[in-house]
Structure formats: C-alpha cells, structure tokens
Amino acid sequence: MNDETPIPPTAERPEHDLLPVWPLRDKTLFPQMLIPLLATRPLSVQAVEAALTREDKMLLVVMQRDASVDTPDLDDLHTIGVRAVIKRMQRTDDGLQVLVQGVDRVQLLELTAKTPFLQGSVRVLPPPDDDDTEIEALDRTVRGQVQRVQKLSDPQVAMGLDQVLRSVDEPRRLAYLLTAALNLKPEEEQALLEASTRKDALRTISGHLLHEIQVLELQSQIAGQVQTELGQRQRQQLLREQLKAIQKELGEGGDDAGGEAAELRERLDGAELPEDVHTEVERELARLERLHPSAPDYQVTRGYIELCLELPWTKTTEDTLDLKRARAILDEDHYGLGDVKERILEYLAVLKLNPEAKSPILCFVGPPGTGKTSLGRSIARAIGRQFERMALGGLHDESELRGHRRTYIGAMPGRILQAVRRAGVKNPLLMLDEVDKLGSGFRGDPAAALMEILDPSQNDQFRDNYLNLPFDLSKVFFICTANTLETLPGPLLDRMEVIQVDGYTDAEKVEIARRYLIPRRMREAGIDPERIAMEDATLLTVIRGYTMEAGLRQLERALGKLARKVAYRLASAEDNADGPIELTAELVRELLGASWNRDEPLRRRAPAGVCAGLAWTPYGGDVLYIEAALLPYNTGFTLTGQLGNVMKESAQAAMSYILSQARTLEIPRETILDSGLHVHVPQGAIPKDGPSAGITIATALASVYTGLPVRDDVAMTGELTLTGLVVPIGGLKQKAMAAHRIGVKTVIAPRENHNALDDIPKSVREALEFVWVDRVEEVLATAIPELAERLTLCRLDWEDPSDAEIEAREVPEIEVADEADSAVAVERAE
C-alpha cells in the first residue's frame, strides 16, 4: 500500500482520533455509502453503543482478515477502514440493527483498548490529488464498460446502472457504487477500498467490469447455442439446458447421476432378462447416462428402467402339488363349498400331470359374505403361490389396467403389472375382486381391457402401455369374484370358468359360527372362547331372528354385538367371574333386543289371495309374497310393487289363464264382472322382474277369486304360459335354500328342473318336499287342496282329459238374465 500524507489536524479533524472499532466479518463499507448492518457479537454491540454516546455518533468500520475469529486483534484487522456515522439504530432479538453511512477512509494505527469493545487510534487519509488526462481516460473506459454491461444484463440491472452513471461524476465514488452491481467478493471490495489513488481504484473496477463482460458474453453465447438446439421449448427447459452448458464449460459433471446410472447398470448386468427386454433397457440406460438429473426426462427414464429391472420376467414359485395337503388347507379355512374345492383339486391334479398347462381363469359368483375373497387366499396358500388382490369396483378407466403411455405427465404402469411387480414372481395368484362392478366412460371400458388380460391365448404377449414390452401373463392364476353375471359382457364371461358360490344353509351357518365366527369375535372382545357355552338352538335363534341373508356378514355382526354385550357384563364389578358363560336363547334376546325378522309368523295367518313365491337375487335366494285383493266395483287390473316389464307380462298371462279357467274353478260370474283386482308385491322400494313368479301370481289369483287360502307351508317358482304349461326357471338351488331358511315344507317347481336337485345340499333336500309339475292345474291342486276335486286330474305326469271325462263333468252354466245384462257383460269383458 502506498504511503499517504495525513490531513493537517484541525478542531474537527484531529491528527489522531480515538474511535470505537466495529469489525465486520465479510462486508466492506465504502465512503458516502449508506447500508444496514447487524451487530450480534458483544464487542460489536458495545462498540455501537459507545459510538452512540459520542456527540458525532462516529465509529470505525473495518473488515477482518479472518472471518472465523470472534475476538480479533490488531493483526486480524485490515489497516484501511471507513469512518462512519450511525444514522439509525434499532434493537432486535438477534442484536442491533444499525444504519451507517461511510464518511471517509481512515488508517487504523493501533488498538488502545480491547474490552469491553475495541477502540483504536486512526488517522484520516487525504482525498487523492491526481487529476490528469489519464484519470479522464480511465473514467471514460469504465463508463463504456458499464454501458456494455447494461446491454448484456437484464433490464432491471441495466436501469440501476444507468442511474449510477447519470448521478455520479466523481470517478472514485463511481467505482465504489459499481461494487453493488458486480457482486464482488469481500476481499475484492477491500482491495478497492485500499486503492490509494483514483487511478488505482478505476483500474481495479475496470478489471472487474471486464471480467463481468466476459461472463455475460459467454452466458449469451451459451444461451444462443441452447436456443438453436431447443427451438421453441419452454423457458424452464431452456434454463435447465443453460445450466447443463455452463457446467460443461466449467468442467463440472453430475456425480449423482453417474452414481445412479452405475448402480442401474450393475443391476442390469445381474438381471435375467429376455433378449428384447435387455436391449431396450440397455438403450434407455445409455440415454439416461447422457441426461442431467435436473432434466425432465431423467426421472421418467429412471422409473422405466427400475420397472423393467424389478419385474419378474423369469422368476417363479414352485407349486405345491400335494393334493392331500391342499384339501386339508381348504377344509381348514372354509367349511362346505365342496364344488369349489373339488374344482381346485382338479386343477392341481392337471398341473401335477402336465406342468406346462396354462393356469385357469376362475370366476366365483355368489352373494356377499359367502367367502369368495377369503377363498382365494386359501387357494394361494394351498398351492404355495404369492397372493395379490386387486379391487375393481368402480373402476372406469381402462388405463388403470393397461397403464398410461410415458408421454403423459405422471404416467404409471397398469394395476396388473403393479400387482405382478409386488408379488415378485410371474406366476402369482391374482384375485380380481368385484369384477361385476366395473364402470365405463369416456376413458374407455375396463371390461374390454380384461378380455386380453384373461385370454390364455393372448396374455402371453400382454403389452402394458407404459412398459410397451411383451410380458407373459399366461402363468398367472386369475380368480375373479362377482355377485352377479348380468353386468358382465358376454365375450368376457366366455373367457372365464364360472363357479357358483351359493349361500349357506342354517346347519352350515351354525357350524361356521361355531368353528370360526364365535372364537374370532370373542377374542376381539377380549373373551376366552373356551368360556362361551352356546347351544345350536341358541345359534339358530340368532340366525333366524337377527339375519336374513345368504352369506355370513349379518351373522358375524350379530355375534360381534353379542360379544361386546358379554364383554360389558364381564367388565362390570358384579359379573367379573372366571366361570363359563352360558348364552341361552332368552339371554340372546335380552342382549340383542327384539328380533327384526318377523315375516314368517305373520304369513302363516295369511288370508286368501296371498301366496309365497321363490326369487333369485344377486345376493342369494329370497321368498317373495304375492298379494291379491278383490276391489268393489270393476276398477280394472292394478299391479304395484315396482315390477319390471317381464313380471308385469307374467301377471297379465296369469290373469288371462285364470279367467279362461273360471268355469273349471267355479268362480262366480258376478265376482269377475263386478270386482276389480289389485296385485301387490311387498317391499316396493326394491325393483323386481323376471318370469319365474308366473305360477305364484296365478295361484294368488285363483285363491282370491275362489276365496280359498293357499297352504302356508308351500312356496313355488315357475314360468307360466298362456295355455297353462309350467316351463323351467333358473336358480333353483338358491331358491330352495331360501325356502328352507324360513321354514317352508313344500316347494313346487317345474318338472324340467328336476336335474338341478343334485346341486341342492343334502340337508335341504331332506328337509323339503319337492313337487314337480308340468301344468298350472297341478300347482293349484297342491297349493289349494280344496280345488283338487274341481280340477279333475292331479297326476305326476299331466294328461289331457278324455272326451268321456269331459262329458261326465258337471259344468255349471252361466245364465244371462236378459239382453241388457249380456251387453253389459260384453262391455266389461272388453
């Protein structure tokens, strides 16, 4: 540093002045500049407070040589600083917020005190006296460089520089003000402050301006190169590419990206992939290595490679083909369901004899609560396969199954591949739950996508939209579940082997409750199941009084409520004993309240015109009562109960048939002509449809017209033709189980359904009497015994009566009083 001549001492400027010293870690204050500073160290705070006690509010602001030193000495401070005046001070939680303004440059001579704050002897450095043409030349050079920086900078920076050029004439002050726009390092700012002459200051700032111009020109050149490559891409992508080009110029690489790519390549070398898959992954990995981690395609490519490496292209589990062990597991987890278990064991036998056989595609169809989903877990455990469940209820986007193309933001593989990925093997047992509740919309039809997935002749080359590589699904054991087949498309249903999982009988429910439900519910309530004593009659009270279902969910809820009630009693002081707990029917009624299933006792006292029919629903069989009533005056034929078109037509056919047999049934003429008829099916909030209620409606009409009640232990099902034939129906097994559930003794069904008798559980077959019929006359003779004599014949095989039998019958003639009555009768008939 050049020596400087001190200013002659005056009253305002003593030769040596003692000032509090405020050392700054990484900041330089210049003369005539107003900046805010924060004092946090105790010695800095004490120095500021000492300066505030002075009349001139002055102190020395000087930068430390080493910013890490907390208590600097004279050797730790630069010798050139700035004498500053405090303009404003505000106390904060962090220290003192001080607004200071530099006055002039000073030289620190020595420290006269170090506690409680630094105090030093300073001398004021004189203003430079070096005006000449070189100063003017340097000043013009600096201003020209500033104008060049303005052109290369953004408008906001350019505007600030323009204001500096217009407002400052003194060269040295111009150099000081330009430091704010150049973002100089603290050491560079201190070197500018220590410049002894204006020439040195201008040369120093000119060098910094030249460096800034070079950086801005290089940045502009990089931006031009990137713009040529990217064209009209978005601004965000442009900035990323600029960063990439800058790092390339500086020789800096993406270490994280290289590490991830190396890890993926190592995994690729150890993976067993098909040749075409290996080639595609190799190509994508090479592309990944060229991308920067901040590039938008980087994460997409990385996710795709990880999916390819994690998919089990060749990994499988070995099936356990021990039929005895498989049967034992199935019997352990589920009671009953013999047909389903037999089908599973048949499949295992085929695999044992032919290991190359394709996996079957089963569809369990039945009411809710019959164990369809849990049966899939048991099958997976029995054959030793990984189990994955996928709920399809409400799915309306086919991309959820096939995946989304990688061109979309947030694209993902489909649920099928995700399930296989989670399983970790290519031959898991995959359960597609609630397949009948698939939706469809403008995003496609998921059921159509399932056709390829569930087709054994196509799914060995399944292509997910995201993966876009063939994946073999032929080894996957697909099991679908549904409550009904009505909503499934025909082509999809054709690809599956349907297995009916029907409801349980009361005896089966008792056994299931005793084996599984009661122990589970009692343990959940904190009760030892061994303490519970519950007879079969008590269980039947719960089943028949508090449930009405084909499955077991209502029963499990009722037993859960019962367990909570018992737990409450045990937890109370008076009943906290360790002995056995006997649950009687009376105690069950006390704990569960009044039973809500009361239809059966009321229907046993039903009047004429009420007949029990059997119906099939997606949730099992049900008993449907048909009610018919004669109305005064001829009000016509009324049907209520939210009936579908098919059921309405069945009612019309039944009405026509009964009226055509009015003479045989001895229905009075006045009853037909003077009365209206109302047929109602209770539970009007539930839609009803189907032809199987035909003979039930006909029996109810015959009963109400003749005034003879129908047997209360009879239920029936069958479609009626206009000529009196009874044609076959479906769902006889479920209907018979519903009849047995409510205590019906006799079931009337079409003779052509006789072959379905073997499908009905043995306990139900033994408890019910089946009457097989061909004609409605047989139905009426069985359901209304009083009509048997009027119907002439009631045989096992219906035969048309002979001419002699017809002539021998006494048929009452209907007399017409006069021509007027005849005209009225014709008009009413019309």
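A salt bridge is taken here as a side-chain nitrogen of Lys or Arg within 4 Å of a carboxyl oxygen of Asp or Glu. In this predicted model, a search of the whole structure identifies 49 salt bridges.

One of these joins glutamate 497 to arginine 343, with the closest N and O atoms 2.5 Å apart. The two partners belong to distant parts of the chain, 154 residues apart: arginine 343 lies in helix H12 (residues 338-353), and glutamate 497 in strand E13 (residues 497-500). Glutamate 497 is partly exposed at 33%. Arginine 343 has a relative accessibility of 17% and therefore counts as buried, the cut-off for that class being under 20%.

A second bridge connects arginine 521 with glutamate 556 at an N to O distance of 3.9 Å. Because arginine 521 is located in helix H18 (residues 506-524) and glutamate 556 in helix H20 (residues 553-571), this pair ties together parts that are 35 residues apart in sequence. Arginine 521, with 21% relative accessibility, is classed as partly exposed, whereas glutamate 556, with a relative accessible area of 18%, is buried.

Conventions:
Residues are numbered from 1 along each chain as its sequence is written. This is a predicted model: local features need pLDDT of at least 70, side-chain atom pairs count only at pLDDT 80 or more; totals for chains, interfaces and linings use all residues. Side-chain values use heavy atoms; hydrogens and water are left out. Helices (H or I, at least four residues) and strands (E, at least two) are DSSP runs, numbered from the N terminus. Buried means under 20% relative accessible area, exposed over 50%, partly exposed in between (1.4 Å probe, protein chains only).
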